[in-house]
Amino acid sequence: LEFRRVLFRSNEALYNDPHDVIKEQLDLIEDFMSVEMERAPPGVNQGYASSQTFYWHDTNGSMMETAYSGAGIALAAASLIILFSSRSFVLTIFATLTIFFILVTVTSMLSAIGWTLGFIESICFAILIGVSVDFVIHFAHAYCHPQGEMDREDRTKYAMVTMGPSILATAVTTFFSAVVMLFCTITFFQKFALILFFTIVIVSIRSMSYWFASSSSSQIGRAHV
């Protein structure tokens, strides 16, 4: 077998271009190759186009799909665990919405400061998913832990008293660990610290505010009775 290679340069699809731009150029080149191979004579009709830029595009696409699927799996798993443990559709819906809100908020903040999805960002995003689920799951478990009949206000107080100090201590220690890592010189630790910093702040505020709101709404409802 004899292989021949024809080199060409594409100024429309550079290595650091956005994912959609490279995808558009890849589709154009593959369409062109498909048409040419159909009318090429036997023996030279097995050609294909390859490029390191397109390899990088495929890698980025895989990382993006993995990030989305990881977030979906985390949300689905958390919803099922809360539903089976609490047997409450209302608690499951609000806890899942809280986790989703945390993911969207932190991702929006990272995008606002100019982050794009790469190897380091994909690893950090997986960590973001785990931390986002953690606090909400703990509060939901503490809320459902008391046996027997108990109204929403008492369950909320029980969750805040029994689980609140532990979660707050975890948030404080993780927060200061992230602050220390912000001064590292290695890029991975800097980005890891930044995403951990944002995540801890948002997840602490959002998870605790949800339970405070639940307690307040219970008191308002009782006052109207």
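Select valine 90 to begin, and you will find this residue in helix 3 (residues 89–112), where helices (H or I, at least four residues) and strands (E, at least two) are DSSP runs numbered from the N terminus. The model is predicted, with local features requiring pLDDT of at least 70 and side-chain atom pairs counting only at pLDDT 80 or more, while totals for chains, interfaces and linings use all residues. Residues are numbered from 1 along each chain as its sequence is written, and side-chain values use heavy atoms, with hydrogens and water left out.

Valine 90 counts as exposed because its relative accessibility is 53%; exposed means over 50% relative accessible area, buried under 20%, and partly exposed in between (1.4 Å probe, protein chains only).

Next, move to helix 5 (residues 152–181), which bends by about 50° at methionine 163, with proline 165 following within four residues; the bend is the angle between axes fitted to the seven residues ending at a residue and the seven starting there. Colouring the buried residues of helix 5 will pick out, among them, Met160, Met163, Gly164 and Ile167.

Finally, show the whole protein chain, which has six helices and zero strands and reads α-α-α-α-α-α along the sequence. Buried residues make up 36% of its 225 residues. Of the contacts (heavy atoms within 4.5 Å) in the protein chain with a separation of 6 or more, 69% are between residues 24 or more positions apart.
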